[in-house]
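The following briefing concerns a single protein chain and is arranged by topic. Please consult the sequence and the model alongside the text.

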Amino acid sequence: MDVKLVTALALLAVAVSQTSETLFPGAFDCCTKISDEIPKGILRRVRRFEIQEADGLCHLEAVILHVKGKKFCVNPWIRKVKKMIRKIKHKIHRSRPHVRRQRTRMIKKNEQKQ
């Protein structure tokens with residue numbers, strides 16, 4: 001009788017864990033520990049990053065760095081991390097094409113006046 005009960009409880013636990021993971025996928029991606037130091041070599045290889053806020057399901061404020069399939073959770077207040085985030089955001093901003101609408105409108109107005 002005890003073996004059947006243990007087996008049933010084990011199966012129930014597996015079913016609940018699988019169901020809760022599919023219902024709440026973000027709940028299991030939270031950083032539980034953060035590092036206060038990060039090597040420059042890892043920062044150079046960062047492909048993307050996410051900012052985890054300390055509200056909702058996650059209770060730690062962190063920056064999640066993605067490097068070749070690995071995730072590193074670091075303190076968002078580290079100076080090197082802040083600088084890396086600024087560089088990436090600046091690079092994204094610079095990669096957008098500039099639209100010179102105002103300049104072309106001014107040229108058209110000047111042509112119409114002449």
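**Briefing on the predicted model**

L57 has a relative accessible area of 57% and is therefore exposed, where exposed means over 50%, buried under 20% and partly exposed in between, with a 1.4 Å probe and protein chains only. This is a predicted model, in which local features need pLDDT of at least 70, side-chain atom pairs count only at pLDDT 80 or more, and totals for chains, interfaces and linings use all residues. Residues are numbered from 1 along each chain as its sequence is written, and side-chain values use heavy atoms, with hydrogens and water left out.

**Overall architecture**

- The chain holds four helices and three strands; helices (H or I, at least four residues) and strands (E, at least two) are DSSP runs numbered from the N terminus.
- Read from the N terminus, the order of elements is α-α-β-β-β-α-α.
- The chain has 114 residues, of which 18% are buried.
- Its accessible surface amounts to about 10200 Å², and carbon and sulfur atoms account for 57% of that area; accessible areas come from the Shrake-Rupley method with a 1.4 Å probe, and for residues only the protein chains shown count as cover.
- Of the contacts between residues at least 6 apart in sequence, 43% link residues at least 24 apart, a contact being heavy atoms within 4.5 Å.

**Positive surface patch**

- A patch of positive charge on the surface brings together K40, R44, R79, K80, K82, K83, R86, K87 and K91.
- Patches are made of residues with over 30% relative accessible area and no salt bridge, like charges being joined within 9 Å and nonpolar side chains (Val, Leu, Ile, Met, Phe, Trp, Tyr) within 5 Å.
- Lys and Arg count as positive and Asp and Glu as negative, while His and the chain ends are not counted; the place of a charge is taken as NZ of Lys, CZ of Arg, CG of Asp or CD of Glu.
- Both α2 (40-44) and α3 (79-95) contribute at least two residues to the positive patch, and α3 gives the most, with seven residues.
- R86 is situated in helix α3, and R86 counts as exposed because its relative accessibility is 56%.

**Salt bridge**

- The count is one salt bridge, defined as a side-chain nitrogen of Lys or Arg within 4 Å of a carboxyl oxygen of Asp or Glu.
- R48 and E50 form a salt bridge in which the closest N and O atoms are 3.4 Å apart.
- R48 is partly exposed at 47% relative accessibility, and E50 is also partly exposed, at 33%.

**Loop residues**

- L57 is placed in the loop between β1 (48-52) and β2.
- The C-alpha atoms of L57 and D29 are separated by 9.7 Å, the two residues being 28 apart along the chain.
- K68 belongs to the loop between β2 (62-67) and β3 (70-74), and the phi angle of K68 is near 45°, a positive value in a residue other than glycine.
- K68 has 59% relative accessibility and so counts as exposed.
- P76 is found in the loop between β3 and α3, and P76 is buried because its relative accessible area is 14%.
- Leaving aside residues up to four places away in sequence, P76 touches E61, A62, V63 and K82.
- P76 and I64 are 12 residues apart along the chain, with a separation of 9.0 Å between their C-alpha atoms.
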